[in-house]
Amino acid sequence: MSGNSYLPRKLHSLLGVIPLGLFFIEHALTNYSAFEGGREGFLDSVHGLHKLPLIFFLEMFVIWLPILFHGVYGLYIAYQSNLNTGRFSYGRNWAFALQRITGVITFIFVIWHVWNTRVQVALGHTTYDEIGNHMHQIVTQPLNFTLYVIAVIAAVFHFSNGLWAFLVSWGITVGPRAQRVSSNICMGIFVIVSVLFLLSLFAFRSDEFASAAAAGAAFGPVTFG
Amino acid sequence: MAETATKQRTVKFIITRRERPDAAPYTEEFEVPYRPNMNVISALMEIQRNPVKADGGKTAPVCWESNCLEEVCGACSMVINGKPRQACSALVDKLEQPIRLEPMSTFPVVRDLVINRERMFQALKKVKAWIPIDGTYDLGPGPRMAESKRQWAYELSKCMTCGVCLEACPNVNDRSTFIGPAPISQVRLFNAHPTGEMNAHERLEALMDDGGIEGCGNSQNCVRSCPKGIPLTTSIAAINRDTTKQLFKKWLSM
Ligand code: HEM
Ligand code: SF4
Ligand code: FES
């Protein structure tokens, strides 16, 4: 790429945390309400979110545009890297390689997942009230469930390890000790957020979300692809 | 008679060679008579004296570069058993056999194990890794450096532009313009100097240009590979901090 790559790279790094990281945590918590509060809890969370003012602009500037830029530029960054964990099998080098691999997985998953959910709402195939049942239909299929589990763990790793890299890229954690401590904290975040997402996936599989599924089946299940 | 008793112990080498920069690489095997305490350079000298392959066929002597023979010039860097390092400090007794030698192919290969490290010296020019003191009259003594600072700055000054950190870095390749870890650490060194500090912003700006510090992806292979134990990742993070400050300073003063 010609021209100065410093600013786009800085923007990529910033967007990964603000707003994408914040949205990601919000998403984990909303979904977790399906585990904690069941169908009612999840509906409350979804309604709460969709009562936010200027929701169109919020979605546009907090989610769509940032993820488009971070995702596409991220693919370009990944393309520019060699993976040399064979020759240098150090923990941090593995994290470097996984940051890129999980970025690519996240990219593909986000397209599929948004197609499954937000686009189906936009097309009128489902509504926010039925979205929990809609998820139930998807994740009760073993292949879809497996893909969701893999993709969710990949995305959470990408976020947590990205947070560690962000702190280095902006010069917040400088010395080896600071970087070690932040690495431990970020791996803690990885475990916690993974558990939140996995519990919500299991919650969506439960019968509670199946109730209205029969009605939803009328427009056919959304399958992989 | 006592043939088995006198049969020389040998060291086996597998060397990646190429005749010209654009020629295809190939490997050749050598068996070099063992001598106590020999290093990879002395083995290469032996091959130079007697350029015969393990299978008995004659070949052209293997080319390599070396100068100081005490790990301070960086000229003899090559990939030994998969890791980039200096051949002069690679003791045969401490290496697994067969010993595999390859050029550091992140750099243009000139011939056999000889590479062109020009990009490292260009990088030092780009980031102005020097202290400008020339003038038309004697400026007198500059400010002194605090001893506590001098101690860590001295560690950074040990860099011999050997190129090992660039070879180890997954982001230094021909799809990326990343300048590499060593020159970033040199910016930290020269910006730490009380006189060098007066031009600190120029060095930072050089790293905020295409191919600058943003090319780092934190694989941290560099710090694990540097033969001089230079805290490269600390330098990179410190310069990340300084370039971030420089960015905001520039915006706010516009
Ligand atoms: C959509 C597909 C995505 C792709 C292809 C992608 C790709 C990448 C790549 C390659 C990096 C490494 C940059 C580097 O270390 O030099 C990165 C960093 C990062 N990503 Fe993503 N990413 C994606 C989505 C996300 C999402 C959804 C989030 C938020 C949860 C996120 C958060 C981060 C963070 C925080 C960093 C660290 C920034 C830094 O290194 O300073 N990414 N991404
Ligand atoms: S920083 Fe270390 S590995 Fe890199 S060029 Fe200097 S001495 Fe070699
Ligand atoms: S010959 Fe100088 S470092 Fe090996």
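Reply: Here is a short tour of the interface, then a ligand.

Reply: This is a predicted model: local features need pLDDT of at least 70, side-chain atom pairs count only at pLDDT 80 or more, and totals for chains, interfaces and linings use all residues. Residues are numbered from 1 along each chain as its sequence is written, chains are lettered from A and ligands numbered from 1 in the order in which they are written, and side-chain values use heavy atoms, with hydrogens and water left out.

Me: Which residues in chain A lose the most area to chain B?
Reply: A:Y6, A:R87 and A:Y90. Together they make up 24% of what that side buries.

Me: What does A:R87 form a salt bridge with?
Reply: Its partner is B:E167, with the closest N and O atoms 2.8 Å apart. The count between the two chains is 1 salt bridge. That term means a side-chain nitrogen of Lys or Arg within 4 Å of a carboxyl oxygen of Asp or Glu.

Me: New topic. Which residues are closest to ligand 2?
Reply: B:C159, B:C162, B:G163, B:C165 and B:C226. In total, 14 residues surround ligand 2, each with a heavy atom within 4 Å of it.

Terms used:
Buried area = accessible area lost by both parts, 1.4 Å probe.
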